[in-house]
Amino acid sequence: QKGNHAWGMTFGDDYFLSKRTSLYARFGFIRNSSASALTYNYEPENGFPLPKPGGSVQSVTVGIAHHF
């Protein structure tokens, strides 16, 4: 279909506090064409529905990870 494509990127970094613990941050975006409606977090029951066709989506994630 014409206009049914999207492109995006995700950038991120980890900062290690120790061998097993790190802080992380990520930023991503998706730009949809006129007929596309892709997203990162499709969870309609939690308030994250699909975007309108042609809409852009941004995502920011921060957190801490510990490996046992």
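Modeller: Asp14 counts as partly exposed because its relative accessibility is 34%, where partly exposed lies between buried, under 20% relative accessible area, and exposed, over 50%, using a 1.4 Å probe and protein chains only. This is a predicted model, in which local features need pLDDT of at least 70 and side-chain atom pairs count only at pLDDT 80 or more, while totals for chains, interfaces and linings use all residues. Residues are numbered from 1 along each chain as its sequence is written, and side-chain values use heavy atoms, leaving out hydrogens and water.

The side chain of Asp14 forms a salt bridge with that of Arg26, at 3.0 Å from N to O; the term requires a side-chain nitrogen of Lys or Arg within 4 Å of a carboxyl oxygen of Asp or Glu. Asp14 belongs to strand β1 (residues 6-16) and Arg26 to strand β2, so the pair ties together parts twelve residues apart in sequence; strands here are DSSP runs of E with at least two residues, numbered from the N terminus. Arg26, at 30% relative accessibility, also counts as partly exposed, and by this rule the count is one salt bridge.

Tyr15 has Leu23 as its bridge partner in β2. Strand β2 covers residues 21-32 and includes Thr21, which counts as buried because its relative accessibility is 14%. Beyond its neighbours within four places in sequence, Thr21 is in contact (heavy atoms within 4.5 Å) with residues including Tyr15 and Phe16.

Terms used. Helix = DSSP H or I, 4+ residues; strand = E, 2+ residues; numbered from the N terminus. Pairing = 2+ DSSP bridges.
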